[in-house]
Amino acid sequence: MELIIPDNFTRVMRKKPMEMQKAIVAAVNQLREDPSNHGLRFKKMQGTKNVWELRVDGNGNRITLTRDGDEWTLLNNCNHDILKLL
(Lines give C-alpha, C1' and ligand atoms only; values in the text may rest on other atoms or scores of the structure.)
Protein backbone atom coordinates (compact mmCIF):
# COMPACT_ATOMS: atom_id res chain seq x y z
CA MET A 1 0.00 0.00 0.00
CA GLU A 2 1.33 3.41 -0.98
CA LEU A 3 -0.17 6.28 0.99
CA ILE A 4 -0.23 9.78 -0.50
CA ILE A 5 -0.74 12.69 1.89
CA PRO A 6 -1.45 15.88 -0.10
CA ASP A 7 -0.51 19.29 1.25
CA ASN A 8 -4.20 20.22 1.51
CA PHE A 9 -4.84 17.31 3.89
CA THR A 10 -1.98 18.46 6.11
CA ARG A 11 -3.15 22.10 5.98
CA VAL A 12 -6.65 21.17 7.13
CA MET A 13 -5.27 18.92 9.87
CA ARG A 14 -3.02 21.68 11.26
CA LYS A 15 -6.07 23.87 11.85
CA LYS A 16 -7.50 21.28 14.24
CA PRO A 17 -6.80 21.21 18.00
CA MET A 18 -3.57 19.39 18.94
CA GLU A 19 -5.47 16.45 20.44
CA MET A 20 -7.31 15.94 17.14
CA GLN A 21 -4.07 16.23 15.15
CA LYS A 22 -2.55 13.46 17.28
CA ALA A 23 -5.62 11.25 16.70
CA ILE A 24 -5.41 11.81 12.93
CA VAL A 25 -1.70 10.95 12.85
CA ALA A 26 -2.35 7.83 14.94
CA ALA A 27 -5.12 6.69 12.56
CA VAL A 28 -2.91 7.27 9.50
CA ASN A 29 -0.11 5.27 11.14
CA GLN A 30 -2.51 2.43 11.95
CA LEU A 31 -3.69 2.45 8.34
CA ARG A 32 -0.09 2.15 7.12
CA GLU A 33 0.69 -0.68 9.53
CA ASP A 34 -2.51 -2.69 9.21
CA PRO A 35 -5.37 -1.51 6.97
CA SER A 36 -7.46 -4.45 8.20
CA ASN A 37 -7.35 -3.17 11.81
CA HIS A 38 -11.00 -3.36 12.91
CA GLY A 39 -10.62 -0.32 15.17
CA LEU A 40 -10.29 1.90 12.10
CA ARG A 41 -13.66 0.78 10.74
CA PHE A 42 -12.16 1.20 7.28
CA LYS A 43 -14.90 0.91 4.67
CA LYS A 44 -16.20 2.19 1.36
CA MET A 45 -18.65 5.07 1.72
CA GLN A 46 -22.17 4.26 0.56
CA GLY A 47 -23.31 6.09 -2.55
CA THR A 48 -19.80 6.90 -3.76
CA LYS A 49 -17.79 5.41 -6.57
CA ASN A 50 -14.33 5.41 -5.00
CA VAL A 51 -14.36 7.16 -1.63
CA TRP A 52 -13.45 5.29 1.52
CA GLU A 53 -13.50 6.36 5.15
CA LEU A 54 -11.79 5.34 8.35
CA ARG A 55 -12.43 6.19 11.95
CA VAL A 56 -10.16 8.67 13.74
CA ASP A 57 -11.84 8.57 17.15
CA GLY A 58 -15.09 7.78 18.92
CA ASN A 59 -16.45 11.30 18.40
CA GLY A 60 -17.44 10.82 14.77
CA ASN A 61 -14.23 12.15 13.23
CA ARG A 62 -13.19 10.44 10.02
CA ILE A 63 -10.56 10.49 7.30
CA THR A 64 -11.73 10.13 3.71
CA LEU A 65 -9.51 8.72 0.97
CA THR A 66 -9.58 7.33 -2.55
CA ARG A 67 -7.90 4.31 -4.08
CA ASP A 68 -6.16 3.83 -7.40
CA GLY A 69 -4.70 0.35 -7.54
CA ASP A 70 -2.29 0.03 -4.62
CA GLU A 71 -2.16 3.81 -4.15
CA TRP A 72 -4.34 5.50 -1.52
CA THR A 73 -4.74 9.29 -1.40
CA LEU A 74 -5.97 11.00 1.75
CA LEU A 75 -8.69 13.54 0.94
CA ASN A 76 -9.99 15.11 4.13
CA ASN A 77 -10.25 14.83 7.89
CA CYS A 78 -13.62 15.89 9.19
CA ASN A 79 -16.58 14.99 11.34
CA HIS A 80 -18.89 12.18 10.27
CA ASP A 81 -21.86 14.60 10.12
CA ILE A 82 -20.12 16.58 7.37
CA LEU A 83 -19.70 13.41 5.30
CA LYS A 84 -23.50 13.04 5.15
CA LEU A 85 -23.62 16.27 3.12
CA LEU A 86 -21.43 14.87 0.32
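## Strands and their partners

Two strands count as paired if DSSP finds at least two bridges between them. This model is predicted. In it, S2 and S3 meet that rule, running antiparallel over 2 bridges. Across from Trp52 in S3 stands Lys44.

Strand S4, residues 61-68, pairs with S3 in the antiparallel sense over 5 bridges. Here Glu53 has Thr64 in S4 as its bridge partner.

## The two hairpins

Each hairpin has a glycine to look at. Between S2 and S3 there are 6 residues, and in this hairpin Gly47 takes a positive phi near 80°. The hairpin of S3 and S4 has 5 residues between the strands. In that hairpin, Gly60 takes a positive phi near 90°.

## Aromatic rings

Now the rings. A pair of aromatic rings is described by the distance of the centres and the angle of the planes. The model holds 3 aromatic pairs. One of them joins Phe42 and Trp52, with 5.7 Å from centre to centre and 35° between the planes. That pair is tilted.

Which parts does this pair tie together? Phe42 sits in the loop between helix H2 (18-33) and strand S2 (43-44), while Trp52 belongs to strand S3 (residues 51-55), so the pair ties together parts that are 10 residues apart in sequence.

## The cluster and its surface

Ring pairs link Phe42 and Trp52 with Trp72 into a cluster. Is Phe42 buried or partly exposed? Its relative accessible area is 22%, so Phe42 counts as partly exposed; the buried class ends under 20%.

Definitions and conventions
Residues numbered from 1 in each chain as written. Predicted model: local features only at pLDDT ≥ 70, side-chain atom pairs only at ≥ 80, totals over all residues. Heavy atoms only, no water. Phe/Tyr/Trp six-rings, centres within 6.5 Å; stacked < 30°, edge-to-face > 60°. Helix = DSSP H or I, 4+ residues; strand = E, 2+ residues; numbered from the N terminus. Buried < 20%, exposed > 50% of the residue type's maximum accessible area, 1.4 Å probe, protein only.
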